[in-house]
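Subject: Structure handover

Hi,

Please have a look at it before you read on.

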Amino acid sequence: MKQEAWKKVEDAIAASKETTIKQLFEADPERAAKYTASAAGWTLDYSKNRFDANVMKALVKLAEASNLKAEIERMFTGEKINGTENRAVLHTALRNCDPDAKVFVDGKDVMPDVHNVLDKMGEFAQKVRTGEHRGFTGKRIKYVVNIGIGGSDLGPAMATLALAPFSKRSIRNFFVSNVDSTHLAETIREIKADQTLFIVASKTFTTQETMTNAQSARAWLVDQLKDEKAVASHFVAVSTNAEEVKKFGINTDNMFGFWDWVGGRYSLPSAIGLSLMIAIGPANFRMLLRGYWKMDKHFRTAKLDRNLPVILALLGILYVNGYHAESYAVLPYDQYLCRLPAYLQQMDMESNGKSVAKDGTPVSYATGPIEWGEPGTNGQHSFYQLIHQGTHLIPCDFIGFCKTHNPIGDHHDKLMANFFAQTEALAFGKTADQCRADGDPEHLVPFKTFAGNRPTNTLLANELTPETLGSLIALYEHKIFTQGVIWNIYSFDQWGVQLGKVLAKNVLKDITAETPSLKHDASTNALIAHYRKVLGR
């Protein structure tokens, strides 16, 4: 971080940190209106946070000192901002809805390829949805199984569930990611081979977990249908390795490519979203892209102090680096978004879980926070106790919708009453005098007092649609990018996931070898020996 600009943030925090959120509202009757902003179908109320005008001005100056605007342009125009891998970062090109847009990487306009893949996806998705693409025995596809891991799984799995109201209900979607055989086995119990389409999502077609699951699914299909030729009718690939795809038995006409400038956790708008497109249809998928694009345009053009992703990012910096909060919660009050916290967990923690600055030196400050969450109101009966009265400061994002897809009685009014009430309770708490006024006995007053002053953001949209989901995802993508810029770290690599993969290959050799080498540490050697003994090896 730019130390001079950060010092001014620290000074502003020091001058205001004794002022509570309640006092901030008492001092400024216009606070709620002043600190509410809207874009791309979303309204953000960030007034219930621990900042005054001076803190926010200092945070914006920090963003300016970090050259945020210039870094945004570098990303959108295809510069190679992923420094450790020398790659552009162009997930924004995947959803650029401007028909005349040109985006260049190494002197080549990538937009024609983006449109071609999107068109090819649309044609195939329609064939599956209409029954034109059928299984080996001539039956319609009723089950779609996406086999991937990480970004090749979390994105489409989250979004397919989120957009279930827009899906073709006669087609059931499944997602297999874990190399634990149980994940595949339980899925197979739910499907019929002659009516199933498998989508194998692996850029290299060599990812261990994905290809292990894919090979086992292939073996099951061939065993069920008694013909190797059936593979071509029941498997498609999202990959760039045509040779391995063909070797697997997939017709390369049914191979959907993407590019090294698309990171896995940002790949939902690419061919990785094929399973989602089959579920909701090409038109709705394009509305998803339009939502992304609207937030992209807002992020690129809005002033920093009215820019939704930047505001969320700066507040996150405030709590991580100013108040030393180690985690924050994402709390969607919509059951369809129950997988959103897990999706954002990967996006945030894999992007900014870094301890080395761009110049290769260790950072001297905290970076990416621990992210977690559950849908409301379930979480209220689980971990909200700790958020309200625990010793940890846990900022929260509350996400809700004015309308529900499933109006039953007064369910939605009660859901949203809880949604609004929780942010009120967290911000303003309940004093000892209020407890006494409510008739609480004196010995219980300390236990029923709420300190309040717990920060929250409220994100509200009219309805969960493909478009508002797209803009919500883009909002968090750009928030994470902004924080990476300010922390001066590379947000688009993930070297931290590699070491375990490499070591696992060596461990696997010792697990399966007739005579293991056992050249690991004493603990790992003992664990491998115990495992082999139980299995009689």
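Before the rest, some housekeeping. This is a predicted model, in which local features need pLDDT of at least 70 and side-chain atom pairs count only at pLDDT 80 or more, while totals for chains, interfaces and linings use all residues. Residues are numbered from 1 along each chain as its sequence is written, and side-chain values use heavy atoms, with hydrogens and water left out.

**Salt bridges**

Arginine 172 has a partner: its side chain meets that of glutamate 190 in a salt bridge (3.5 Å, N to O). The term stands for a side-chain nitrogen of Lys or Arg within 4 Å of a carboxyl oxygen of Asp or Glu. The two residues are 18 residues apart, with arginine 172 in strand S6 and glutamate 190 in the loop between helix H9 (181–188) and S7. Helices (H or I, at least four residues) and strands (E, at least two) are DSSP runs, numbered from the N terminus. Glutamate 190 is also partly exposed, with a relative accessible area of 38%.

By this rule the model has 26 salt bridges. Another one joins lysine 294 and glutamate 467, at 2.7 Å from N to O. It links distant parts of the chain, since lysine 294 sits in helix H14 (residues 282–301) and glutamate 467 in helix H21, 173 residues apart. Lysine 294 is partly exposed at 32% relative accessible area, whereas glutamate 467 is buried at 18%.

Aspartate 440 and lysine 448 form a salt bridge too, their closest N and O atoms being 3.0 Å apart. Here aspartate 440 is buried, with a relative accessible area of 14%, and lysine 448 is partly exposed, with 36%. There is also a salt-bridge network that links Glu71, Arg74 and Glu79.

**The five-stranded sheet**

Strand S6 brings us to an open sheet of five strands, in the order S6-S5-S7-S8-S9 and with parallel pairing. Two strands pair if DSSP finds at least two bridges between them. S6 (172–176) and S9 (255–256) are the edge strands, each pairing on one side only.

Strand S5 (residues 143–147) is joined to strand S7 (residues 196–201) by five bridges, and the two run parallel. Valine 145 stands opposite phenylalanine 198, and valine 144 opposite leucine 197. Helix H8 (residues 151–162) packs on this sheet, touching S5, S6 and S7, and its direction makes about 150° with that of S6. For such packing, contact means heavy atoms within 4.5 Å. Axes are lines fitted to C-alpha atoms, for helices over the stretch in contact, and angles run from 0 to 180 degrees between N-to-C directions. Helix H10 (residues 208–225) packs on the sheet as well, touching S5, S6, S7 and strand S8 (235–238), at about 155° to S7.

Five bridges also join S5 to S6, again in parallel, and isoleucine 147 stands opposite valine 176 in S6. Which way do the side chains of S5 point? Tyr143, Val145 and Ile147 point one way, Val144 and Asn146 the other way, and all are buried.

**The six-stranded sheet**

A further open sheet has six strands, ordered S1-S2-S13-S12-S10-S11, with mixed pairing. Its edge strands are S1 (36–39) and S11 (370–372). Strand S10 (residues 327–332) and strand S12 (residues 396–401) run parallel, joined by four bridges, and leucine 331 has phenylalanine 398 as its bridge partner in S12. Helix H15 (residues 308–322) lies across S1, S2, S12 and S13, running at about 30° to S2.

**Nonpolar cores**

A nonpolar core is a set of buried Ala, Val, Leu, Ile, Met, Phe, Trp, Tyr and Cys residues joined through side-chain atoms within 4.5 Å. The largest has 121 residues, of which Trp261, Ile278, Tyr343 and Leu469 touch the most other members. Helix H21 (residues 466–487) gives the most to this core, with eleven residues. Apart from it lies another core, of 27 residues, including Ile147, Leu184, Val231 and Phe248.

Best wishes

Conventions:
Buried < 20%, exposed > 50% of the residue type's maximum accessible area, 1.4 Å probe, protein only.
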